[in-house]
Amino acid sequence: LHMGKTMKDDLTVVVKYIKQLYPPEFNVFGTYAELYHNYFASQAKKNAESHLEDKDIYLLLSWVHNIYPKDMRKDHVLAEELEKVKLGSLLPSSLSTELEKKYLDSEEATIKNSLSKCLDKEIQRWKEDKEPEKLNGHFQSELLAIFVIQSIYSGQKRAKDISTAVGEELSQRLWKELPAFLKSYKDAFEDFKEKSKKHRHYKPILIANINNCWNFRDYAEKNMAEKDDNKASILSTLGDIENSGFDVLLQQLFAQLKPNYKKFTENKWDCSNEIMNEIIKTTSKHISDFRTLKDSFYHVIVEKIHAHLVKEYIVRLLKRKVSLKTPAQQQNLAQHISKNAADLEAFCTSNGSQATWLNLALPKLAEIIRLQDLGAIKIEVATLATTYPDIRKKHLEAFLHIKANLSRSELKSILGYLADCTASTLPGVPLFSNINVS
């Protein structure tokens, strides 16, 4: 710092007062500038070749790449004259490269170590079994994400302040470090998930960690290139953490709903409205807990519930437990299904589900049961297959068991028509492919 200030001040005096006292051919400014530069460069080289602490390496690189060429040599008084002298760098490129590598290795190791310690502290907080704090009604455990993102950002900025090239190199290294860190986070989360089920605040901690993923996801989306493999790895790991958390949160609800769904076939759909009301009531109790998720995650979990409710209803229709011979019986069942479908849609929509693609499944199936004309049934089957291309012959065959008044040839004709409809259709959002037919 002293040498830099001295060089700058003295050369300013040469430009303003001394240069004009000599003939131009003496090149007084160039002589002074070269002598000062050579001395400064020799001292910089001497320092670079000695044992330096990390902070000293950073400062020396800052002088080489940033302060010396930009603040001193671009000074408004000196810039024009220094341009004529063509001074080199303070350090030979080989020595500068060696210092950069030392700095990058050290910075990467330091950040990696601090992230690891931060994760350890976070795991310790989970074990303390305290309810996470809330922000805007959502459980949060954001210290981890804030610290990690801030550490990476600060490291990148410090490196970029040395030079663009050094900044890019450290960024690349840290982009590789983030997926590795998140995998460790995922492993710790899985370990907590399996071993801490009896914790009093088990679910709030799970929810806080799902919410935590949003910060990492938002950071990766905004700061990483679309085709970056590290970005894909980061988003994949975050997706695993989120889905793993959702599965646990939904486990209890789905287990409670199972006996209710069995009642549909046990009662031949006679009490279907009461059963559906019970399903909605049970689901509603759980959904209120999920509102502590961030809005985007709340919508995801509600749509998972929506898909489960529709799928389980279809599963009961495919169980071959009900076989109706008369059009009147079939019409009655179709009305029950339509009413249940409307109640289900209203409930899910009112709770924020945006999975509108699910809303046609049950009404379409109800219509197939209601219709008696073979041509009309085929048209409805074609519409169903267009909307849900993953429906297969085995699904339709199990479903048509309900329509006991279909002849074998009519049944074969409808099933053949389904094969024609789905052959050229690309798969859409899966619904039927998640349903096994026994």
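Predicted model: local features only at pLDDT ≥ 70, side-chain atom pairs only at ≥ 80, totals over all residues.
Start by selecting H306, V310, A341, L344, E345, L358, N359, L362 and P363: together they line the largest cavity.

A search of the whole structure turns up one cavity of 30 Å³ or more.

Next, colour the helices around it. Select α11 (295-317), α12 (327-350) and α13, each of which gives at least two residues to the lining. Which helix supplies the largest share of the lining? That is α12, with three residues. Sorted by class, the lining has six nonpolar, two polar and one charged residues.

Now stay with α13 and move on to its packing partner. Select residues 361-370 for α13 and residues 374-387 for α14. The two helices pack at an angle of about 165°, and their axes lie 9 Å apart. Because angles over 145 degrees count as roughly antiparallel, α13 is described as roughly antiparallel to α14. Turn the view to look across the pair, and you will find that α13 passes α14 in a left-handed crossing.

To see the contact itself, show side chains on both helices. On α13, pick A361, K364, L365, E367 and I368; on α14, pick I377, E380, V381, T383 and L384. Colour this contact by class and you get six nonpolar, one polar and three charged residues.

For a last stop, show L362 and P363 again, two of the residues lining the largest cavity.

Note on methods: Residues numbered from 1 in each chain as written. Heavy atoms only, no water. Axes fitted to C-alpha atoms, helices over the stretch in contact; angles between N-to-C directions. Helix = DSSP H or I, 4+ residues; strand = E, 2+ residues; numbered from the N terminus. Parallel < 35°, antiparallel > 145°, perpendicular 65-115°, else oblique. Left-handed = near helix turned anticlockwise from the far one by under 90°. Contact = heavy atoms within 4.5 Å. Nonpolar A, V, L, I, M, F, W, Y, C, P; charged D, E, K, R; others polar. 1 Å grid on protein atoms, 1.4 Å probe; cavity = no way out; pocket = protein on both sides within 12 Å on 5 of 7 lines; lining within 4 Å. Points joined across faces, edges and corners; volume = space filled by probe spheres on them.
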